[in-house]
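Welcome! Take a moment to look over the sequence and turn the structure around, and then we can walk through it together.

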Amino acid sequence: EDNKEKEWQAEANLAIGLDFYIGNEAFYSHIWVNSFPRSVGLTDKSYNGDDIQYDVGMLVGTNLSEHIGVFIEGIYQSYYDKQEYSISTGINWRF
């Protein structure tokens with residue numbers, strides 16, 4: 001009910017992460033993990049807690065030609081006691 005009121009919100013988080021990228025002319029892969037073990041609410045309606053929030057993701061792609069490539073990406077997130085995931089794919093066109 002309180003979220004129906006539109007007020008400014010701000011938080012400060014401690015962030016710890018790992019990021020790996022491997023690639024060459026024809027292939028690339030990006031893997032990441034981020035953790036937010038502590039959140040401090042800076043305004044009245046902000047989240048304030050010790051629950052660990054995190055996201056994990058992976059992106060894999062390949063270049064089919066000089067201008068065209070394809071990729072697939074998956075992300076899993078756990079923020080504010082809510083788990084979400086997404087998988088997407090697409091075409092890259094470099095011009």
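Predicted model: local features only at pLDDT ≥ 70, side-chain atom pairs only at ≥ 80, totals over all residues.

On its other pairing, β2 meets strand β1, which covers residues 11-23. That pairing is antiparallel too, over twelve bridges. If you follow the chain from β1 into β2, you pass through a hairpin of three residues.

Now find valine 33 in β2, which gives a handy way across these strands. Opposite valine 33 stands leucine 18, and in β3 the bridge partner of valine 33 is valine 56.

The walk continues from β3 to β4. These two strands pair in the antiparallel sense over ten bridges, and they form a hairpin with four residues between them. Here you can pick out methionine 58, which has glycine 74 of β4 opposite it.

Phenylalanine 20, for instance, is found in β1.

Is glutamine 53 buried or exposed? Its relative accessible area is 4%, so glutamine 53 is buried, as the limit for that word is under 20%. Leaving out residues up to four places away in sequence, glutamine 53 touches Asn13, Asn34, Ser35, Phe36, Ser39, Tyr47, Ser78, Tyr79 and Tyr80. With one of these residues, serine 39, glutamine 53 makes a polar contact from side chain to side chain, at 2.9 Å.

Two loop residues come next, one on each side of β3. Threonine 43 sits in the loop between β2 and β3. With a relative accessibility of 19%, threonine 43 counts as buried, because the limit is under 20%. Not counting residues up to four places away in sequence, threonine 43 touches Trp8, Gln9 and Ala10. Its side chain reaches the backbone nitrogen of alanine 10 at 3.3 Å.

Histidine 67, in turn, belongs to the loop between β3 and β4. At 38% relative accessibility, histidine 67 counts as partly exposed. Apart from neighbours within four places in sequence, histidine 67 is in contact with Asn92, Trp93 and Arg94. A polar atom of the histidine 67 side chain lies 2.8 Å from the backbone oxygen of arginine 94. How far apart are the C-alpha atoms of histidine 67 and threonine 43? They are separated by 47 Å, while the two residues are 24 residues apart along the chain.

Our last stop is the loop between β4 and β5, where you will find tyrosine 80 and aspartate 81. Most residues other than glycine have a negative phi. Tyrosine 80, however, has a positive phi near 55°, and aspartate 81 has a positive phi of about 60°. As for the surface, tyrosine 80 is partly exposed at 43% relative accessibility. Aspartate 81 has a relative accessible area of 60% and is exposed, because that word applies over 50%.

Finally, which residue forms a salt bridge with lysine 82? The partner is glutamate 84, and the closest N and O atoms of the pair are 3.7 Å apart. In general, side chains of opposite charge can pair when their charged atoms come close. The count for this model comes to one salt bridge. Lysine 82 is exposed, at 52% relative accessibility, whereas glutamate 84 is partly exposed, at 38%.

Terms used:
Residues numbered from 1 in each chain as written. Heavy atoms only, no water. Pairing = 2+ DSSP bridges. Salt bridge = Lys/Arg side-chain N within 4 Å of Asp/Glu carboxyl O. Buried < 20%, exposed > 50% of the residue type's maximum accessible area, 1.4 Å probe, protein only. Polar contact = N/O pair within 3.5 Å; in protein donor to acceptor, adjacent residues only side chain to side chain. Contact = heavy atoms within 4.5 Å.
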